[in-house]
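Subject: Handing over a structure

Hello,

Here is the structure I promised to pass on. Please open it and keep it beside this email while you read.

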Amino acid sequence: MNSALKQSAQKEQPAKTMQAVNKMLARVEISSEQIPLLAETAFAFKAPQHFIEQIKKQPTADNPLLKQILPVAAELDSVPGYSEDPVADLTFNPQPSLIHKYHGRALMIASPKCDIHCRYCFRRHFPYEEQVNQRHWQSALDAVKADSSIHELILSGGDPMSLSENALMKLIRLIDDIEQIKTLRIHSRTPVAAPDQAPRQQFLSWLKNTRLKVVLVVHCNHADELSTQTEALFNLYRQAGVTLLNQSVLLKGVNDNVETLQQLSHKLFEQGVLPYYLNQLDKVAGSAHFEVNDEQAIALHKELRGLLPGYLLPKLVKDIVGRSSKTPLA
Ligand code: SF4
């Protein structure tokens with residue numbers, strides 16, 4: 001067991017969190033006795049009501065949305081090759097909150113929180129308390145300003161849309177003031193998982209007027225996550241001039257078959273979002289039960305290529321530490 005999990009295993013998951021898990025399971029008519037649940041973890045169960053409402057009443061083994069959020073005992077397995085910082089975020093971290101790995105763009109971890117806790121999250125062990133605080137914003141942006149090669153800023157997470165609308169507005173206005181930044185990319189799961197909680201009024205009117213090109217990369221792994229509410233929200237963003245892309249993670253038992261991936265691409269397109277990346281799982285401790293190996297992933301992608309037009313085929317990529325960009329696998 002790695003150190004964070006060891007430490008977390010000593011903590012009792014608050015009773016109210018277990019109550020929330022049991023309430024969700026009761027809603028989908030699954031008995032908690034059928035599943036080896038993880039009763040104690042620092043990366044607690046968290047899911048917004050909207051996401052829970054999209055979960056179908058079917059057994060856990062065939063339940064792609066439930067699997068993404070349900071803390072299970074397999075997360076405590078110690079598996080060689082799985083670590084707490086699988087993509088070496090902390091090696092490319094010139095300032096708190098800032099990650100600079102690739103030419104031309106830098107990433108700011110804007111918020112320590114997410115509206116949903118995805119069990120496969122590659123930042124599930126990230127030291128958010130030390131790293132992410134609004135008081136670091138100015139020094140992180142000063143470091144961006146000092147490097148004239150950076151023209152794109154990525155807001156990532158935690159989820160930037162978990163910030164209050166006022167805090168998000170403060171941050172993006174600071175970014176807008178940096179002349180060399182031409183593109184603002186926002187990575188967020190909130191528009192899919194909690195479309196009712198995504199920032200609205202000030203944010204949408206700023207989007208309509210900013211000089212920046214704004215790209216919103218949402219995170220959706222299965223067509224069942226898309227709803228009439230997500231479609232309505234995506235429409236608002238599109239009307240505000242935002243380019244909408246999706247990234248998924250290839251997850252065993254969630255979307256590791258060609259029909260599911262095909263449906264996902266079509267439904268994203270129906271809602272005005274283009275599939276961008278299909279990420280291979282980053283090997284973060286606690287997530288090994290989600291792994292699809294590279295050979296299987298490449299074979300799936302090849303099959304998918306034969307079924308989808310090129311513009312609906314996401315790039316199959318892997319984050320390999322030390323490379324100058326994500327590595328295409330197929
Ligand atoms: S929303 Fe993104 S950052 Fe947050 S837990 Fe899920 S994968 Fe991780």
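Below are the points I found in it, topic by topic.

First, a caution: this is a predicted model.

**The annotated domain**
UniProt lists residues 100-323 as "domain: Radical SAM core", in an unreviewed entry. In the model, the end C-alpha atoms of that span lie 13 Å apart. The span is 33% helix and 19% strand.

**Around the ligand**
Which residues are around the ligand? They are C114, I116, C118, C121, R189 and H219. By class, this shell has 4 nonpolar residues, 1 polar and 1 charged.

**Cavities**
How many cavities of 30 Å³ or more does a search of the whole structure find? The search gives 2.

The lining residues of the largest cavity divide into 8 nonpolar and 3 polar, with no charged ones.

The second largest cavity has a volume of about 50 Å³. V87, F92, K101, Y102, D319, I320, V321, G322 and R323 line it. Here the classes are 5 nonpolar, 1 polar and 3 charged.

**A helix pair**
Look next at helix α9 (residues 201-209) and helix α10 (residues 228-239). Their axes come within 9 Å and cross at roughly 35°. On the α9 side, the contact is made by F203, L204, L207 and K208. On the α10 side, L236, Y237 and Q239 take part. By class, the contact has 5 nonpolar residues, 1 polar and 1 charged.

**Two backbone points**
Most residues other than glycine have a negative phi, and most peptide bonds are trans. Two places are worth a look with that in mind.

What is the peptide bond from G157 to G158, cis or trans? It is cis, with omega near 15°. G158 sits in the loop between β3 (152-157) and α7 (165-176).

The other place is A88. This residue is not a glycine, yet its phi is positive, at about 55°. A88 belongs to the loop between α4 (64-69) and β1 (98-99).

Happy to go through any of it with you.

Best wishes

Technical notes: Residues numbered from 1 in each chain as written. Predicted model: local features only at pLDDT ≥ 70, side-chain atom pairs only at ≥ 80, totals over all residues. Heavy atoms only, no water. Axes fitted to C-alpha atoms, helices over the stretch in contact; angles between N-to-C directions. Helix = DSSP H or I, 4+ residues; strand = E, 2+ residues; numbered from the N terminus. Contact = heavy atoms within 4.5 Å. Nonpolar A, V, L, I, M, F, W, Y, C, P; charged D, E, K, R; others polar. 1 Å grid on protein atoms, 1.4 Å probe; cavity = no way out; pocket = protein on both sides within 12 Å on 5 of 7 lines; lining within 4 Å. Points joined across faces, edges and corners; volume = space filled by probe spheres on them. Near = heavy atom within 4 Å. UniProt positions renumbered as here; feature names shortened; annotations may be inferred.
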